[in-house]
Amino acid sequence: MAKATSPIFLLLLLVILSSTLLSVKPNTTTIETTCKTTNYYRLCVSALKSDPRSPTADTKGLATIMVGFGMKSATATASYIAGNHTAAAANDTVLRKVLKYCSDKYALAADSLRLTVQDLDDEAYDYAYMHVLAAQDYPNVCRNIFRGAKGLVYPTEIRRREVSLRRICGVVSGILDRLAE
């Protein structure tokens, strides 16, 4: 009799284990539904699926994860500008001032996104939205300063990073719209 229950027990154990493993799969429905409210669906989905916290996150958690991507982008850009361009501008005081200003603006963008995380924790979505918009706008100031300075060309890499941060902030704004519903 013990031999007859062994295969049934193993079958039951297999069913339980397989259903447990299936429930650990990424929560693509929540991710995809959330990302559909953004202007950059593919960016949203790929970024969220790359983060191990996403499968168990609710919409607010997904917003927090995207804000983290924005903070990393802004911080990395501030460091990139400060580290890679200031040496090249050693003999050009105007360029050096513009680059310092740009680096500071990206640092402020990262700070605004840090405040967004606190706003999300407090469920103060209107303030979160305001901070995301500020973070999105700081790089525009950098670009405008370059445009206003005679003889300076806005570096391609900084432009690429600006677009990336703007898109990340756009994704966060779309998720915030969903949260505010």
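How far apart are Arg161 and Glu157 in helix α7? Hold that thought for a moment, everyone.

This is a predicted model, where local features need pLDDT of at least 70, side-chain atom pairs count only at pLDDT 80 or more, and totals for chains, interfaces and linings use all residues. Residues are numbered from 1 along each chain as its sequence is written, and side-chain values use heavy atoms, leaving out hydrogens and water.

Back to our pair. Arg161 and Glu157 sit four residues apart in helix α7 (residues 156–180), so about one helical turn separates them. Helices here are DSSP runs of H or I, at least four residues, numbered from the N terminus. The two side chains meet in a salt bridge, 2.9 Å from N to O. By salt bridge I mean a side-chain nitrogen of Lys or Arg within 4 Å of a carboxyl oxygen of Asp or Glu. Arg161 is buried at 18% relative accessible area, while Glu157 is partly exposed at 25%. Buried is under 20%, exposed over 50%, and partly exposed in between, using a 1.4 Å probe and protein chains only.

Arg159 is partly exposed at 37%, but Glu162 is buried at 1%. Shared partners join Arg143, Arg159, Glu162 and Arg166 into one salt-bridge network.

Note on methods
Helix = DSSP H or I, 4+ residues; strand = E, 2+ residues; numbered from the N terminus.
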